[in-house]
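I opened a new page for this structure.

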Amino acid sequence: MIRFSILAALAVLLSNTPAPAQHMDKNMFLEIATLGDAEQKGLLTVYLRGVLNGLEASNMESLRQGLPQIFCPPSETLLTSAWLTEVLLQYLERYSAIPSKLSIAVIAHHALAEHFPCKKLINN
């Protein structure tokens with residue numbers, strides 16, 4: 001029931017928002033992650049789960065096509081929205097010059113690639 005309520009709230013919020021504002025940028029993420037109320041943090045959780053699902057799908061597609069993966073987490077690692085929030089907060093603290101309007105999904109892509117680098121094969 002809680003998931004349905006969160007998804008319904010997310011649908012209502014996004015349906016009245018102009019298309020360019022539907023992405024979450026660095027500023028919005030930081031505001032919600034650090035100062036947001038329970039409802040906002042619930043929506044952040046849903047949003048970040050979607051980001052993780054997209055990045056995991058991209059990773060699998062790269063693997064399927066024989067291309068390098070974006071990130072290579074150990075098999076026992078469980079990637080959750082709460083975990084990603086912490087990783088993003090640390091990443092943004094380390095790289096404070098990241099533009100404020102950059103999509104948090106793009107930042108998550110780079111944060112995961114840095115946090116879980118893939119082994120590089122050396123060709124002679």
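Predicted model: local features only at pLDDT ≥ 70, side-chain atom pairs only at ≥ 80, totals over all residues.

Entry 1, threonine 80.
I started with a single residue. Which residues does threonine 80 touch, leaving out those up to four places away in sequence? I found Arg49 and Leu52. Threonine 80 itself sits in the loop between α3 and α4. I also looked up a C-alpha distance: threonine 80 and leucine 48 are 32 residues apart along the chain, and their C-alpha atoms are separated by 8.4 Å. Is threonine 80 buried, partly exposed or exposed? Its relative accessibility is 29%, so I noted it as partly exposed, since that class lies between 20% and 50%.

The protein has five helices and zero strands, and from the N terminus on I read the order as α-α-α-α-α. Of the 124 residues, 29% are buried. I also checked how far apart in sequence the contacts reach. Among contacts between residues at least 6 apart, 67% join residues at least 24 apart.

In soluble globular proteins, nonpolar side chains tend to be buried together. I looked for such a group here. The largest nonpolar core has 24 residues, and Phe29, Leu44, Phe71, Leu88, Ile104 and Ile107 have the most contacts inside it. Which helices each supply at least two residues of this core? I listed α2 (26–35), α3 (38–64), α4 (81–94) and α5 (104–115).

Not counting residues up to four places away in sequence, phenylalanine 29 touches Met24, Leu44, Leu48, Thr85, Leu88, Leu89, Leu92 and Ile104.

Two packed helices are described by the angle between their axes and the distance between the axes. For α2 and α3 I noted an angle of about 130°, with the axes 9 Å apart. The two helices are therefore oblique to each other, and α2 passes α3 in a left-handed crossing. On the α2 side the contact is made by Phe29, Ile32 and Ala33, and on the α3 side by Gln40, Lys41, Leu44 and Leu48. By class I recorded five nonpolar residues, one polar and one charged.

The crossing of α2 past α4 is left-handed. From α2, Lys26, Phe29, Leu30, Ala33 and Thr34 make the contact, and from α4, Thr85, Leu88, Leu89 and Leu92. This contact divides into six nonpolar residues, two polar and one charged.

How do α4 and α5 lie to each other, roughly perpendicular or roughly parallel? Their axes come within 10 Å and cross at roughly 90°, so I put the pair down as roughly perpendicular. The contact includes Trp83, Leu88 and Leu92 of α4, and Ile104, Ile107 and His110 of α5 among others. I sorted its residues into eleven nonpolar, two polar and two charged.

Notes
Residues numbered from 1 in each chain as written. Heavy atoms only, no water. Core = buried A, V, L, I, M, F, W, Y, C linked by side-chain atoms within 4.5 Å. Buried < 20%, exposed > 50% of the residue type's maximum accessible area, 1.4 Å probe, protein only. Helix = DSSP H or I, 4+ residues; strand = E, 2+ residues; numbered from the N terminus. Contact = heavy atoms within 4.5 Å. Left-handed = near helix turned anticlockwise from the far one by under 90°. Nonpolar A, V, L, I, M, F, W, Y, C, P; charged D, E, K, R; others polar. Axes fitted to C-alpha atoms, helices over the stretch in contact; angles between N-to-C directions. Parallel < 35°, antiparallel > 145°, perpendicular 65-115°, else oblique.
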